[in-house]
Amino acid sequence: MVTLAADDPAATIHYTIDGTFPTAASPGGPTPITVPIAQSLMLRYFGIGSGGSGVVVSESYGILPANQSQAGYLVTNVELDGSSPVLV
């Protein structure tokens, strides 16, 4: 997954994962937004905030199925205090 966030907390982010350019009618939501990435793809996105629309940004993501067993994070020797936030 990829998380997209804007500096403007009132911004809305719109995106596509099929290589087409996003519009205000494309999937999206308020910042921050999480985009599922399960295969190699072209992610394109832009934000609409109080200053207007931003430019479209394009990013390619490549998923190598052979390496999927190694993906993620390994956390060891961690003590949780029960009050601090945990981000995964």
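This briefing describes the nonpolar core and the strand pairing of the structure above. The model is a predicted one. Its largest nonpolar core consists of ten residues, and strand 5, which spans residues 41–49, supplies three of them, the largest share. Strand 5 also pairs in the antiparallel sense with strand 2, with strand 6 and with strand 7.

**The nonpolar core**

- The ten members of the largest nonpolar core are V2, L4, I13, Y15, I33, V35, I37, L41, L43 and Y45.
- At least two residues of this core come from each of strand 1 (2–4), strand 2 (12–16), strand 4 (33–35) and strand 5 (41–49).
- In soluble globular proteins, nonpolar side chains tend to be buried together.
- V35, one of the core residues, touches M1, V2, L4, Y15, I17 and L43 when residues up to four places away in sequence are not counted.

**Strand 5 and strand 2**

- Strand 2 and strand 5 run antiparallel and are joined by five bridges.
- T12 has I48 of strand 5 as its bridge partner.

**Strand 5 and strand 7**

- Strand 7 comprises residues 57–61 and pairs with strand 5 through five bridges, in the antiparallel sense.
- The bridge partner of R44 in strand 7 is S58.

**Strand 5 and strand 6**

- Strand 6 covers residues 52–53, and two bridges pair this strand with strand 5 in the antiparallel sense.
- S53 in strand 6 stands opposite I48, the residue that is also the bridge partner of T12.

How values were computed: Residues numbered from 1 in each chain as written. Predicted model: local features only at pLDDT ≥ 70, side-chain atom pairs only at ≥ 80, totals over all residues. Heavy atoms only, no water. Core = buried A, V, L, I, M, F, W, Y, C linked by side-chain atoms within 4.5 Å. Buried < 20%, exposed > 50% of the residue type's maximum accessible area, 1.4 Å probe, protein only. Helix = DSSP H or I, 4+ residues; strand = E, 2+ residues; numbered from the N terminus. Contact = heavy atoms within 4.5 Å. Pairing = 2+ DSSP bridges.
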